[in-house]
Amino acid sequence: MKNMHYTPIHPGEVLKDELEEVGLTQTALAKHIGVLAKTINEICRGKRGISVEMAMKLSKALGGGVQFWLTLQNNWEISRIDETAYEHIKRIAA
């Protein structure tokens, strides 16, 4: 079986799609989970990441589980790493 390659997307894209699918505004979600509308907007625009606390709030409000939201965030962050910046670090343990 071939290795599948995918490009991770920012979790805000998933959040934006989810809000559209359920017919909920960013402002309504923000009010429901007790955060500023600006916070949800910044996540949806890819300007802010999803913390553990935010993952819990999104999980409770929208489903998907905490791990779902955190995995999206982790995959996004890993995809942004420039591995060449760490080539100078050599393994010191087996």
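1. Lys16 forms a salt bridge with Glu13, with 3.5 Å between the closest N and O atoms; a salt bridge here is a side-chain nitrogen of Lys or Arg within 4 Å of a carboxyl oxygen of Asp or Glu. Both residues lie in helix H1, three residues apart, about one turn of the helix. Helices are DSSP runs (H or I, at least four residues), numbered from the N terminus. Lys16 is partly exposed at 29% relative accessibility, and Glu13 is partly exposed at 33%. The classes are buried (under 20% relative accessible area), exposed (over 50%) and partly exposed in between, with a 1.4 Å probe and protein chains only.

2. This is a predicted model, in which local features need pLDDT of at least 70 and side-chain atom pairs count only at pLDDT 80 or more, while totals for chains, interfaces and linings use all residues. Residues are numbered from 1 along each chain as its sequence is written, and side-chain values use heavy atoms, with hydrogens and water left out.

3. The count of salt bridges comes to four. In helix H4, Glu53 and Lys57 are four residues apart and their side chains meet at 3.4 Å, N to O. Glu53 is exposed at 55%, whereas Lys57 is partly exposed at 22%.

4. Lys38 and Glu42 also form a salt bridge, at 3.9 Å, N to O. They are separated by about one helical turn because they are four residues apart in helix H3. Lys38 is exposed at 55%, but Glu42 is buried at 14%. Arg48 joins these two in a network of salt bridges.

5. The buried residues of H3 (residues 37-44) are Thr39, Ile40, Glu42, Ile43 and Cys44. Their cover includes H1, H2 (26-33) and H4, where contact means heavy atoms within 4.5 Å. Gly46, which follows H3, has a positive phi near 75°.

6. Which residues of H5 are buried? They are Trp69, Leu70, Leu72 and Gln73. These cover an arc of only 150° around the axis, so they sit on the same side of H5; the arc is that of the directions from the helix axis to the C-beta atoms. Gln67 and Ile78 are exposed on the other side. H1 (11-22) and H4 (52-62) are among the elements covering the buried residues.

7. Leu62, in helix H4, touches Leu15, Glu18, Leu24, Leu29 and Trp69, not counting residues up to four places away in sequence. Its C-alpha is 10 Å from that of Leu24, 38 residues apart along the chain.

8. Ile89 is found in the segment after H5 (65-79) and is exposed at 54%.

Note on methods. Helices (H or I, at least four residues) and strands (E, at least two) are DSSP runs, numbered from the N terminus.
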